[in-house]
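Biologist: I would like a close look at one part of this model. Please walk me through it step by step.

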Amino acid sequence: MGVTDSAHPHRIAALQDRLAAFAAARDWGQYHTPKNLAAALNVEAGELLEIFQWLTPELSATVMEDSESAARVEDEIADVLAYLLQLCTVLGVDPLAALDAKIDRNEERFPVQ
């Protein structure tokens, strides 16, 4: 979306720094244990799922066409990503490297036929 691949790691690191500063300014770091962040991530993922819960596959594909539901989806995606990035920061995990390695493993496990 206008950002080159080489800029993505810097953008993610900047967002992680911003999230850490936000939490530190509010003295929330004490609550940001791996367990709590994983639980919060799960809660937010559940809230994202709730938007789609009773929609047919066809309706779920159109959820972004309505500005109100699109805003809800974007907010929940942001919440999921925020907690995931905070968890990565606390655990010292590079999220892009972890994803790259996982894709490599999946390509080996599930070769193209």
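This is a predicted model: local features need pLDDT of at least 70, side-chain atom pairs count only at pLDDT 80 or more; totals for chains, interfaces and linings use all residues.

Is Ala45 buried, partly exposed or exposed, and what is its relative accessible area?

Modeller: Ala45 is partly exposed, because its relative accessible area is 34%, and partly exposed covers the range between under 20% for buried and over 50% for exposed. Ala45 sits in helix α2. That helix runs over residues 34-52.

Now look across to helix α4, residues 67-91. The axes of α2 and α4 come within 9 Å. They cross at roughly 160°. The two helices are therefore roughly antiparallel, since angles over 145 degrees count that way. The crossing of α2 past α4 is left-handed. Two packed helices are described by the angle between their axes and the distance between the axes.

One pair of residues gives another distance. Ala45 and Ala78 are 33 residues apart along the chain. Their C-alpha atoms are separated by 10 Å.

Asp27 is not a glycine, yet its phi is positive, at about 55°.

Finally, turn to the surface. Trp28, Tyr31 and Phe22 form a nonpolar patch there. Together the three have about 320 Å² of accessible area. Phe22 belongs to helix α1, residues 8-25. Phe22 counts as partly exposed, because its relative accessibility is 39%. Like Phe22, Ala45 is partly exposed.

Methods:
Residues are numbered from 1 along each chain as its sequence is written. Side-chain values use heavy atoms; hydrogens and water are left out. Patches are made of residues with over 30% relative accessible area and no salt bridge: like charges are joined within 9 Å, nonpolar side chains (Val, Leu, Ile, Met, Phe, Trp, Tyr) within 5 Å. Accessible areas come from the Shrake-Rupley method with a 1.4 Å probe; for residues, only the protein chains shown count as cover. A salt bridge is a side-chain nitrogen of Lys or Arg within 4 Å of a carboxyl oxygen of Asp or Glu. Helices (H or I, at least four residues) and strands (E, at least two) are DSSP runs, numbered from the N terminus. Buried means under 20% relative accessible area, exposed over 50%, partly exposed in between (1.4 Å probe, protein chains only). Axes are lines fitted to C-alpha atoms, for helices over the stretch in contact, and angles run from 0 to 180 degrees between N-to-C directions. Angles under 35 degrees count as roughly parallel, over 145 as roughly antiparallel, 65 to 115 as roughly perpendicular and the rest as oblique. A crossing is left-handed if the near helix is turned anticlockwise from the far one by less than a right angle, and right-handed if clockwise.
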